[in-house]
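Have a look at the model first, then read on.

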Amino acid sequence: MKFFSLLLMLVSLSAFSQELPEPRVNSLAEQRSSVEALLSKRSYSLEEHRTIKDYFKELESLVDDLENFSRYRRRFFRFTRDFGVEEFCRSTYLEEALWLRLQENCTQNGFFLCSESVRAYPALKGRIEAIADTDLRPEFGTSEFCR
Amino acid sequence: MKTLFLLLILSLSLSTYSQTKETKEIDLSQVVKKVSTEDYNVYQSALRVYQAKESITVARMNLLPKLRVWNLASAAFAIFTGGPTGAAGGALNLVEDIAPFLIPANWFRVSEAQILYKADVEGYRALWGNEVLTAKSIYFHLLLDSSLLEHIKKNKTELEEIYRIVKVRETFGGSPQKVSIDIQQRLLALDEDARSLEVLINEEQSLLAFMMGHPVGTRLRAKPIELPDYDSLSVLDYEDFEFRAIDTSPEIKQFDYLVEAADYVRREVKYSFLGASSLSRGLTGGVFDSLPVQSGLGFGTGASLRIVRAQKEILRVQRDAVAETVRRHLKLLVDNYNLDVGNYHNYKRRVALAKNSLQNLYKRIRFGEEVTSLELIEASRNHIDADTALNAVMYRFLSSEDKLSRMIFHGDYEKHHEAVERLQKGRP
């Protein structure tokens, strides 16, 4: 019986840690900073390409979770409301001008050389806006950092 | 009546003839589109993906109870008569039918089916990319060979003019008889080249028509394409392409999925004491079919687990080998691309020099200066060779560029999303 309770506790703890939005947002913010640090370069090494991919893939995985798990979505947007939509975008989103520069750096002789997820970025932002709570949606659409 | 019948047959065969000799004008975008939907290999692969997708439903639905009348009857018999396995044995035999979800192997098969479906989608993407690459390559060759044919015809006219000049000289004793014979031989060789090219063009048209799903005999006229601005191109660096080539390679991804599926096969073996699954893993899952997954806990379970582990390692090694092959191909492609970019200016300069030299000779002839016939023939040959080489390098460059695009799924190859989306929506 004790073993069963312990197991149940472990399972619920792991589920809880997975669903905490704050660490995820912090991690995304760190990854975004790493990508920003690479923007001054014109071409990237394998490792740098992976850093870029990791950021966009993490954002994509967040959007997938938001779309697929309603409980997580509710918790996440509650956190975003407290955190501030603009602040959320400022810390986790790559500014449009910087994203355009990244696209430029990723293109050589007309070939696109970075991860495919880089190009899906505007669509990802659109998906977040589309699933955001109704009261948050206008802010996602108008805020300087969210666009 | 007989006459009417004969007339009918005649008109039918005439209409068939006119159909088979139909000429269609095509462009490159039509080639990509048609190959995606009409090519036999692509369609077969699409159907395999469809089967893999349906296999997920089969695996999932097989977790629900099913009815097997004879199994039910024999179990009932065992329960009531205490048969060879006894009443409990009879009831347990029914678990597989009444509660298949109690057998963990069936759950693992669902996960395997989901992963193997993704592997099949990658397989489809690779095949689709290869077929589009082949079709586009044929299209480029068709254009190159057609332009060479035009070139040969033009050069033949040029050589005929030289022949006339030489003939006049021979008549007035200004040139030895041998020269006109040389030119005639050259003219005959050009005729042979032209005929060979016509046959080659027909073959290319036929193959392209086949890949685009057109009936036999359809003649295709390829619209010219806009050639890149070769002067603005710079050499490429292999390192810049390495990430993208590995990241987008469907061949590597397919192995990644198989390695992932191997974990579920291992779990199947581990929990085999609760029963084995009889569900098929499909075509791609065939790599796991020969692995010994025994029903029930026996002394062989440990060895079975080691075999599955070794199979996973084999898949990992195969994945690494594929990744190395991709790298090797990429290196070769980038080298060829750079070679053509570097040589392009040389070829262009050679054409200009050869043309200039030939025009100077003509000018000298017009002014009545002494020009030997051999000099004239040599200059004309140099011009033809330089022009042909430039043409060839321009199209070879297009081909190298397209192979690079296929490798990193760029340009036309980005349309694989549309092809895969069509698959995911349902039956292709």
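At what angle do helix H9 (residues 238–248) of chain B and helix H13 (residues 373–408) of chain B pack? The angle is about 55°, and the two axes sit 7 Å apart. Keep in mind that this is a predicted model.

**H9 against H13 in chain B**

- From H9(B), the contact draws on Phe241(B), Arg244(B), Ala245(B) and Thr248(B).
- H13(B) answers with Leu404(B), Met407(B) and Ile408(B).
- Sorted by class, the residues of this contact come out as 5 nonpolar, 1 polar and 1 charged.

**H10 against H12 in chain B**

- Helix H10 (residues 250–270) of chain B and helix H12 (residues 301–366) of chain B cross at roughly 175°, and their axes come within 9 Å.
- Angles over 145 degrees count as roughly antiparallel, so H10(B) is roughly antiparallel to H12(B).
- On the H10(B) side, the contact residues include Phe255(B), Leu258(B), Val259(B), Ala262(B) and Arg266(B).
- On the H12(B) side, Leu305(B), Val308(B), Leu315(B), Arg319(B) and Val322(B) are among them.
- The residues of this contact split into 13 nonpolar, 3 polar and 8 charged.

**Salt bridges**

- Over all chains, a search of the whole structure turns up 33 salt bridges.
- One of these pairs Arg109(B) with Glu268(B), whose closest N and O atoms are 2.7 Å apart.
- Arg109(B) belongs to helix H7 (residues 104–171) of chain B and Glu268(B) to helix H10 of chain B, so this pair ties together parts that are 159 residues apart in sequence.

**Where chain A meets chain B**

- The contact takes 16 residues from chain A and 17 residues from chain B.
- About 1,500 Å² is buried between chain A and chain B, and carbon and sulfur atoms give 51% of that area.
- In chain A, the residues that lose the most area to chain B are Asn109(A), Phe111(A) and Leu113(A), which together make up 42% of what that side buries.
- The rule finds 3 salt bridges across the interface of chain A and chain B.
- Arg244(B) forms a salt bridge with Glu116(A), with 2.6 Å between the closest N and O atoms, and Arg244(B) also takes part in the contact of H9(B) with H13(B).
- Between chain A and chain B, 9 residue pairs are in polar contact, both residues being at pLDDT 80 or more.
- Helix H3 (46–68), strand S2 (111–112) and helix H7 (116–119) of chain A each supply at least two residues of the side that touches chain B.
- H3(A) gives the most to that side, with 4 residues.
- By class, the side of chain A that touches chain B holds 6 nonpolar, 6 polar and 4 charged residues.

Notes. Residues numbered from 1 in each chain as written. Chains lettered and ligands numbered in written order. Predicted model: local features only at pLDDT ≥ 70, side-chain atom pairs only at ≥ 80, totals over all residues. Heavy atoms only, no water. Axes fitted to C-alpha atoms, helices over the stretch in contact; angles between N-to-C directions. Parallel < 35°, antiparallel > 145°, perpendicular 65-115°, else oblique. Contact = heavy atoms within 4.5 Å. Nonpolar A, V, L, I, M, F, W, Y, C, P; charged D, E, K, R; others polar. Buried area = accessible area lost by both parts, 1.4 Å probe. Salt bridge = Lys/Arg side-chain N within 4 Å of Asp/Glu carboxyl O. Polar contact = N/O pair within 3.5 Å; in protein donor to acceptor, adjacent residues only side chain to side chain.
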